[in-house]
Amino acid sequence: MPARLGFMTQPLITTSTAETEGIRVDVQARYSPEHSDPRQSEWFFLYTIRISNRGPVKVQLMDRHWIIIDGAGQTEEVLGEGVVGNQPELQPGEAFEYTSGCPLPTPFGSMTGTYRMLREDGTEFQAEIAVFELVEP
């Protein structure tokens, strides 16, 4: 008789990657049941972002622009200075990683956006954050 495998719930992790002018943005997102209350139409998702400077000059992350779309198609834009209270400077070859969260009124949605990056010569560009899904398993 074959062995019976126990059912283990693994978190569903969604990812995205984008690179703009030498700045690579990798995202991993997952549902956070401990911060959610579906009976109250509250789903919470955690996302970890790693920003890597693969370019030849120092850059600083100045601000963020998020576009969040819930499962009902409602769009919310979030603009803010820095990320998690920081405006990290990244020398070539350096990376900055942080974790943050997003509440939704639906069990699924998506996020995308940009970071405004400042080069040491004073020029700026928008580093893309590729769309990633927020999904309750």
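This is a predicted model: local features need pLDDT of at least 70, side-chain atom pairs count only at pLDDT 80 or more; totals for chains, interfaces and linings use all residues.
## Basis

Residues are numbered from 1 along each chain as its sequence is written. Local features need pLDDT of at least 70, side-chain atom pairs count only at pLDDT 80 or more, totals for chains, interfaces and linings use all residues, and side-chain values use heavy atoms, without hydrogens or water.

Beyond its neighbours within four places in sequence, Ile49 has contacts (heavy atoms within 4.5 Å) with Val25, Asp26, Val27, Trp66, Phe96, Glu97, Tyr98 and Tyr115.

## Ser52

Ser52 lies in strand S3. Its relative accessible area is 13%, so Ser52 is buried (under 20%; exposed is over 50%, partly exposed in between, with a 1.4 Å probe and protein chains only). Leaving out residues up to four places away in sequence, Ser52 touches Gly22, Ile23, Arg24, Glu94 and Ala95.

## Aromatic pairs

The whole structure holds six aromatic pairs (Phe, Tyr or six-membered Trp rings with centres within 6.5 Å; planes under 30 degrees apart are stacked, over 60 edge-to-face, the rest tilted). Tyr31 and Phe45 form a tilted pair because their planes stand at 55 degrees, with ring centres 5.5 Å apart. Tyr31 is in strand S2 and Phe45 in strand S3, 14 residues apart. Tyr31 is buried at 10% relative accessible area, and Phe45 is buried at 0%.

Ring pairs also join Tyr47, Trp66, Tyr115 and Phe132 into a cluster.

Note on methods
Helices (H or I, at least four residues) and strands (E, at least two) are DSSP runs, numbered from the N terminus.
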